[in-house]
Amino acid sequence: GDVAVMLGDLTTAKKDYLEALRISIEEKVIPIALDALLGLGDLQAQLGKTEDALVLCYHILYHPACEDDTKSRVEKLRAALEPKLNSKQVMAARTLATEKTFDVIVKEALETA
């Protein structure tokens, strides 16, 4: 997915991130699932879905299985997204990220495919 983004092929990137998410969930490899969600969040941000992308960022950051590399990358995306929203939108995204379970976040990501 990351390579497809670099090449400007967002359709392939989305397909690749979703496939990585499906496989990592089936195999119970949560750090990879979080990385795939980050890729999907980055795509949402590029498509102007700033609030949705920020919800994913917060959820990933708060997840105990988030690895340092993913955390570093998600922090950069979060820092780029927050200034695009007002404080109420940022708080709403943060609240939503904590209210939704990981399973719900994954289900929603796969359903929006």
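Trainee: How do the side chains of Arg94 and Glu82 meet?

Mentor: In this predicted model, Arg94 and Glu82 form a salt bridge, at 3.6 Å from N to O. The pair links distant parts of the chain, with Arg94 in helix 6 and Glu82 in the loop between helix 5 and helix 6, 12 residues apart.

Trainee: Is Glu82 buried or exposed?

Mentor: Glu82 is buried, with a relative accessible area of 19%. Arg94 is partly exposed, at 30%.

Trainee: With what else does Glu82 form a salt bridge?

Mentor: With Arg78, where the closest N and O atoms are 2.7 Å apart. Arg78 counts as buried, at 18% relative accessibility.

Trainee: And what does Glu82 touch, not counting residues up to four places away in sequence?

Mentor: Leu54, Tyr58, Val90 and Arg94.

Trainee: Tyr58, then. Is that residue buried or exposed?

Mentor: Tyr58 counts as buried, at 2% relative accessibility.

Trainee: Where do Tyr58 and Tyr62 lie?

Mentor: Both are in helix 4, residues 50-62. They are 4 residues apart, which is about one turn of the helix. Tyr62 is partly exposed, with a relative accessible area of 41%.

Trainee: Back to salt bridges. How many does a search of the whole structure find?

Mentor: The search finds 9. One of them joins Asp35 and Arg73, with the closest N and O atoms 2.5 Å apart. Asp35 lies in helix 3 and Arg73 in helix 5, so this pair ties together parts that are 38 residues apart in sequence.

Trainee: Are Asp35 and Arg73 buried, exposed or partly exposed?

Mentor: Asp35 is partly exposed, at 23% relative accessible area. Arg73 is partly exposed too, at 26%.

Trainee: Which residues are linked with them in a network of salt bridges?

Mentor: The network takes in Asp2, Asp35, Asp69 and Arg73.

Trainee: New topic, helix 7. Which residues are buried there?

Mentor: Helix 7 covers residues 102-111, and Phe102, Ile105, Val106 and Ala109 are buried in it. Looking down the helix axis, these buried residues fall within an arc of 95°, so they line one face of helix 7.

Trainee: What does the face turned away from the buried side carry?

Mentor: That face of helix 7 carries the exposed residues Asp103, Lys107 and Glu111.

Trainee: And what do the buried residues of helix 7 pack against?

Mentor: They pack against helix 2 (10-26), helix 3 (30-46) and helix 4.

Trainee: Where is Leu77?

Mentor: Leu77 sits in helix 5, residues 68-81. Leu77 is buried, with a relative accessible area of 11%.

Trainee: What is Leu77 in contact with, leaving aside its neighbours within four places in sequence?

Mentor: The contacts of Leu77 are Leu38, Gly41, Asp42, Ala45 and Cys57.

Trainee: How many residues apart in sequence are Leu77 and Val90?

Mentor: Leu77 and Val90 are 13 residues apart in sequence, and their C-alpha atoms are 13 Å apart in space.

Trainee: Now the surface. Which residues make a nonpolar patch?

Mentor: Val3, Met6 and Leu7 make a nonpolar surface patch of about 390 Å². Val3 is in helix 1, residues 2-6, and counts as exposed at 54% relative accessibility.

Trainee: Last one: what is the phi of Lys28?

Mentor: Lys28 has a positive phi of about 60°, although this residue is not a glycine. Most residues other than glycine have a negative phi.

Trainee: Where does Lys28 lie, and is Lys28 buried or exposed?

Mentor: Lys28 lies in the loop between helix 2 and helix 3. Lys28 is exposed, with a relative accessible area of 67%.

Definitions and conventions:
Residues numbered from 1 in each chain as written. Predicted model: local features only at pLDDT ≥ 70, side-chain atom pairs only at ≥ 80, totals over all residues. Heavy atoms only, no water. Helix = DSSP H or I, 4+ residues; strand = E, 2+ residues; numbered from the N terminus. Buried < 20%, exposed > 50% of the residue type's maximum accessible area, 1.4 Å probe, protein only. Arc of directions from axis to C-beta. Contact = heavy atoms within 4.5 Å. Patch = residues over 30% accessible without salt bridge, like charges linked within 9 Å, V, L, I, M, F, W, Y side chains within 5 Å. Areas by Shrake-Rupley, 256 points an atom, 1.4 Å probe, with all protein chains shown as cover. Salt bridge = Lys/Arg side-chain N within 4 Å of Asp/Glu carboxyl O.
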